[in-house]
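Please keep the sequence and the model in view while reading.

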Amino acid sequence: MAWAQSFGGLGSKAADEFATPLRNFVFDFPNDHGAHPDYRIEWWYLTANLEGPSGVQYGLQWTLFRTAVAPGEEKGWSSPQVWFAHAAVTTPEAHFATERFARGGIGQAGVTVEPFRAWIDEWKLEGPDMNSLSVQAASPDFAFDMDLLATGPLVFHGENGFSQKSAEGQASYYYSQPFYKISGTLNLPEGDISVTGSAWLDREWSSQPLSDSQKGWDWFSLSFEDGEKMMGFQLRQSDGNHYTSATWIDVNGETQSYPDGAFMAEPIEEARVAGRDIPIRWRVRLSDRGLDAEVLALMPKAWMDVSIPYWEGPVGISGSHNGRGYLEMTGYQ
Amino acid sequence: MTNTILRALLSYWWRSPLQLFTFLMGLALATGLWSGVQAINSEARASYDAAAATLGEGQFDQLVPRAGDRIPQSVYINLRRAAWLVSPVLDVTYKGVRFVGIDPLTTPTQMSFSSDAGFSLEDTDLIFGNAKVASVLEGFVDVIIDKSIPPGIAIADIGVVQRLFKRSDLSRLMILPEQPIRRPDLVEIAPELVVQPSQQIADVAALTDSFHLNLTAFGFLSFAVGLFIVHSTIGLAFEQRRGMIRTLRSLGVPLSNLLSLIIVEMGLLVLVGAILGIVMGYTIAAMLLPDVAATVEGLYGARVSGTLSLRPEWWLSGIGLAFLGAGMALAVRIWQIMQMPLLSAVQPRAWAIASAKRIRGIAILGMILLGFSGLLALIGTGLGQAFALIGFLLIGSALVLPWLTIKLLDFAPGKGVVTSWFWADTRQQMPGLSLALIALLLAVSANIGVSTMVSSFRVTFVSFLDQRLAPELFVRVDEEKTASALEKYLLERDIEVLPLLTVERPVVGQPAKLYGVRVGRTYRESWQFLGADPDVWDQVARGEAVIVNEQLARRNNLWVADEVDIAPGLNLPIAAVVGDYGNPQGQVVMGELLFRKLYPNAVATSFGIRTTDTANLRKAIQADLEVPDSGIINQASIKNMSLEVFERTFAVTAALNILTLGVAGFAMLMSLLTLAGMRTPQLAPVWALGLTRTRLGVLELARALGLSLIVFICAIPLGLALAWALLNFVNVEAFGWQLPMFFFPADYAFLGGLAVLATLIAAAWPAIQMVRKPPAALLKVFSSER
């Protein structure tokens, strides 16, 4: 969410004109899978834990972001919408990342809902509906081409998809599809690798997700061996305190949301990455569910060296619960 | 004590203000012209670099249309969605300003303005340009002034440029250096586009190099002349201070202290001289820059900022050279002081009197250099060798000059005591004057050489304009409809009309312009070729052969009967090579029918019209076809515009001519003044024998006149050899064209007059000093004879 913060000043002129998320919002699908140009920021955020033929672990990320300098949409170059996207593949030895940019209004990037298609340049996440998708991206060093199949329902975070981000009331609309089976091919410098695994799609849009006193966030999406899942995040405040939130997802997709303070994440080991000290081993706890586990980065140098840099990569879980997941850390200077 | 010694050393300069002046002026002149020329060059290069970076033309490959100059925006989107990472550019020229519309989100990050120009996604309505562009566009659009943007260019978001000029398409697509894997071929996505490699897009810096080398050569010439002055002043100062140095050492000053203080003293003086020179250089550059800017823009279409900035690369190089040059002269003297016995006698003039043997030795070295130069003329290739040839030629001649002058004086006419003494005295003065004479020789011959080249260029260019601009009127229309109406209108009235069909397309792998011409009387009669088959135009009209310009031919080592690729799968022989001056690009001329077959979409929007009644036809076309006045151009006005470019080039050359002659004149003045001060002991006996002071003064003037005439006579063949080398080697290498050499005797006579005048002015002061010298001063020579 560092981009949210870095782009925070971008639309300051028209800040008041953007729509803001409200409680008791009723989602309207499939339209809400599409873009919401009246909100300042939005993303289609796919992460996947993959396994190669010899059991080697990989991570994959495909994200399309939309940000607006003013609410609404216009045809042509005067569109206030800006699109950008990140793609990454993490192997135990290396991390590949790349990005793309596009202006709205000219057809270079966008999202349609029926059939579903989110694209920027030749990158795309598309399918007849959200349950069955394919995803592609390419860079000068790597590419991937994967198929996704949902095996469970959409899940909604916070209060039925209204996800609060601070005590002051900043919030976003936030839902996920954490039940994708994924398979396909990674094209890496060492060759093509067939992989299978599980993927998690986050959908979130808002106009002002962070408060001024928040300097970054740590976000966890964890899939345990027993089929249960958890999404948890903490927003780090400049006074040293945290604002946390979590959603527990059972095997059927039933959710329970936890308010600030229930979920706890503390860094226990840091690594020097891209000139910064980045926590790569965490202790995460959610006592209501008996969770007390260590989360360890598969590849500590999973640094997204893009215009607005951050850390994002696959993790392993061990302790009270075992499993795999994805970790995103932003705002580390 | 250090202070006292330094004061003693410096006191010499206060007692000899003239030498101080000579020393400082010599350094200032040397650094001045050098740094002035460097300032111009670095300003120009910075402008080219900025332009190349801004437009992305020099750095990135581009996609351009095979025909026409527009790319539909949908083609851009299709390319991006097919993994072609390209960034769109829309170029529109309005009021002489090139609007460059870009998409800041997709421009390559290596492009300089994306950060400098302060683009923000929030304010995509802004237009950026320099102050001059802002004032040109005042009233049309508001321009945010940004110095980092090259001259003549306005940068804005592509959407803004599209809105301003009601366009919905693009001009070209920059190809980003990093492309994703698994990218399809261009022909599958956009077969109507072609890749234009970056390094082959007219490399402005390389094109203008020869022009800047011309300037640099002038700068270096005056630097060398200035250093002659410094060298002789330092020599004189040390020779005259031998007594003081001896006294100081006898008083117990250690040699090392003395030497370090001399170095400090010289360092201070050189610094002052060099700073004066930088100020002078800045002034010269500021004066010349507008003309230089106009010249390179006219010749190459390259824009140079008209305002000068103080760039460290030129002022540092100026100061550095001043220290280096003075340091070399000083090193010799310091070495001498170190070798000097403590109590050696003062030997005035000893510094100046080189033996005849030494002069002969130097002349032999000069002849060897001239031999090298001749050898290079026979076997040399390449721009570097062309300049080496010129360097050897100039330095060799300079070294031969003193010996040659003495030899020529042997043939001096006249008998009688006074005449014999006069010539003998002149020969005797040669060592002291030789540096000044060399300076004069270099200045005059460089002027003859460069003005011969520039004037030959001009004569050739004017006749070239006459053939290329044969049609009396040129009409430009915007729409296809008007174009066909115009053609019909003129054909109905039986007026010869020549549509100018053109596309840009790579030929032999380089960007070139293809022309389709309607072969008729005009082309047959007015075009002259450098090499041609007998029935050029018939072959061209039948579409069996093409005409190429000299640049394309020379660059690719092609000539008549060789083949070039005109279109995919079509190679045609060259029927003729045509001279094409002032244009860096390759050109291929083919018959209209062939052109229309190859490029059916190309539309002629420019027409040449043959008429005897330009005024009435112009009015008729305006009235009947509603062509705006600005769309009709009289041939004469194009010609004037082109000639104006050359007048500017001449202005720069002429200014540098005067400046280098001025430096040479100053060198002469200083040498004569130095000599005059020391010649009293030699003139006193002559005066005592009955020659009046006035007569002696007149003889001084006559000597200067005689010597400058000898120098001038030597300078003519040297200057012509220089011009020949410039035209036959430098031009061919740098511009890709060879020019016939023309002679301009009137110009040379004028230059000769200037050189003689400069010498006379230089000689006048010492002559007047002689005339006014009190008899007592002359008598004192006898009483204080050593």
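A residue is called buried if 20 or more other C-beta atoms lie within 10 Å of its own, and exposed if 12 or fewer do so. The model discussed here is predicted.

Two residues illustrate this definition. Ala561(B) is not a glycine, yet its phi is positive, at about 85°. Ala561(B) lies in the loop between helix H18 (550–555) and strand E16 (563–567) of chain B. Is Ala561(B) buried or exposed? Ala561(B) counts as exposed because it has 11 C-beta neighbours inside 10 Å. In chain A, Asp121(A) also has a positive phi, near 50°, and is a residue other than glycine. Asp121(A) is placed in the loop between E6 and strand E7 (123–129) of chain A. With 24 other C-beta atoms within 10 Å, Asp121(A) is therefore buried.

Chain A has 333 residues, of which 52% are buried, and its secondary structure consists of one helix and 23 strands. Chain B has 786 residues, of which 41% are buried, and its secondary structure consists of 24 helices and 20 strands. For contacts between residues at least 6 apart in sequence, the share that joins residues at least 24 apart is 55% in chain A and 82% in chain B.

Within chain A, strand E5 (residues 109–112) and strand E6 (residues 116–120) form an antiparallel pair with four bridges. One bridge sets Gly110(A) against Trp119(A) in E6(A). The two strands are joined by a hairpin of three residues. Another cis peptide bond runs from Phe29(A) to Pro30(A), with omega near 5°. Pro30(A) belongs to the loop between helix H1 (2–6) and strand E1 (41–51) of chain A.

Chain B contains an open sheet of eight strands with mixed pairing, in the order E6-E5-E7-E4-E3-E9-E1-E10. At its edges are strand E6 (144–145) and strand E10 (193–196) of chain B, each of which pairs on one side only. Inside this order, strand E1 (residues 62–65) and strand E9 (residues 172–175) of chain B pair in the antiparallel sense over two bridges. Here Gln62(B) stands opposite Met174(B) in E9(B). Helix H3 (residues 73–81) of chain B packs on the sheet and touches strand E3 (86–94) and E9 of chain B, with its direction at about 160° to that of E3(B).

How many residues of chain B are in contact with chain A? There are 20 residues on the side of chain B, and they meet 20 residues of chain A. H3 and helix H6 (158–164) of chain B are the elements that give two or more residues to the side of chain B that touches chain A. H3(B) gives the most, with four residues. This side of chain B has eight nonpolar, five polar and seven charged residues.

Finally, the largest nonpolar core has 105 residues, and Leu27(B), Leu440(B), Leu441(B), Val444(B) and Ala725(B) touch the most other members. Helix H14 (residues 417–468) of chain B gives the most to this core, with 17 residues. A second, separate core of 91 residues includes Trp62(A), Val111(A), Ala143(A) and Val155(A).

Note on methods. Residues numbered from 1 in each chain as written. Chains lettered and ligands numbered in written order. Predicted model: local features only at pLDDT ≥ 70, side-chain atom pairs only at ≥ 80, totals over all residues. Core = buried A, V, L, I, M, F, W, Y, C linked by C-beta atoms within 7 Å. Pairing = 2+ DSSP bridges. Contact = placed C-beta atoms within 7 Å. Axes fitted to C-alpha atoms, helices over the stretch in contact; angles between N-to-C directions. Nonpolar A, V, L, I, M, F, W, Y, C, P; charged D, E, K, R; others polar.
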